[in-house]
Amino acid sequence: MGSIPSESVDLVLTDPPYNINFVPQRGTFEAIQGDNMEVEEFSSFLEAIFSECYRALKPDTILISFMGWQTIPIFERAITAAGFSIKSMPIWVKNNFGIGYYTRPQYEPLYLCFKGTPPTPETPISDVLQYAKVAKQVHSCQKPVPLISKLIATFSPEGGLVLDPFMGSGTTAVAAINTSRHFLGFEIDPQHLEGARERVAGEAAQYRLF
């Protein structure tokens, strides 16, 4: 991420590991890398990532990060330590329920964070985002393209550059292409990286994916 020019990105939209030692319910998916760190290590890791995001973002822009409810305080500390102010915490409501013994999870929170004072969107969105979970996943934590497309279209300019430091299956890239934005993404898992390359190749002839 250090190779990204400062103040060159129009929006950061990402879905980091939540550090909850998530075990996918489907046997075809492996555990998420970086999802079982010591608390201080995870906090430092997030702060380093978000600090690079802050540097890369243009003035008066937005960072959106998904997270798990279990580690909201860690995300809050890392995001604010990087220089962002937190504007709101929308939630993504899924159309199905996870496994649970007392309550069954149906949502994931996300932070809407400011660098400076971003312009008000033409049409503000609800902070309750109801989008169906991806039916045929290629990644255990895959987000629906319509949800990501809505966020990109609302909080970045057409033709702008969207950054995702945790690209996973390439959903942010696909959504950026679908909304006439450019994208830059990173993925550490070789299997997911190759899957993202193939997926994005079906959306555009030229792309940047590292």
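User: Leaving aside neighbours within four places in sequence, which residues is S65 in contact with?

Analyst: Quick ground rules: this is a predicted model, with local features needing pLDDT of at least 70, side-chain atom pairs counting only at pLDDT 80 or more, and totals for chains, interfaces and linings using all residues. Residues are numbered from 1 along each chain as its sequence is written, and side-chain values use heavy atoms, leaving out hydrogens and water. Taking contact as heavy atoms within 4.5 Å, the partners of S65 are T14, P16, F50, F75, P109, L110 and Y111.

User: Is S65 buried or exposed?

Analyst: S65 sits in strand β2, residues 57-66 (strands are DSSP E runs of at least two residues, helices H or I runs of at least four, both numbered from the N terminus). Buried means under 20% relative accessible area, exposed over 50%, and partly exposed in between, with a 1.4 Å probe and protein chains only. S65 comes out at 0% relative accessibility, so it counts as buried.

User: And N95, buried or exposed?

Analyst: N95 is in the loop between β4 (91-93) and β5 (107-115). Its relative accessibility is 52%, so N95 counts as exposed.

User: Which backbone nitrogen lies 2.9 Å from a polar atom of the N95 side chain?

Analyst: Skipping residues up to four places away in sequence, N95 touches Y131, A132 and K133. The C-alpha atoms of N95 and Y131 are 6.9 Å apart, though 36 residues separate them along the chain. The nitrogen at 2.9 Å from the N95 side chain belongs to K133.

User: How far is the backbone nitrogen of G168 from a polar atom of the E187 side chain?

Analyst: E187 is in the loop between β8 (182-185) and α5 (190-201). With 17% relative accessibility, E187 counts as buried. The gap from the G168 backbone nitrogen to that side-chain atom is 2.6 Å.

User: At what angle do the axes of α3 and α4 cross?

Analyst: Axes here are lines fitted to C-alpha atoms, for helices over the stretch in contact, with angles from 0 to 180 degrees between N-to-C directions. Helix α3 (residues 145-155) and helix α4 (residues 171-178) have axes that come within 9 Å, crossing at roughly 60 degrees.

User: Which residues of α4 make the contact with α3?

Analyst: On the α3 side, the contact is made by V145, I148, S149 and I152. Across from them, the α4 residues are T171, T172, V174, A175, A176 and N178.

Notes:
A polar contact is a pair of N or O atoms within 3.5 Å; within protein, one must be able to donate a hydrogen and the other to accept it, and residues adjacent in sequence count only if both atoms are side-chain atoms.
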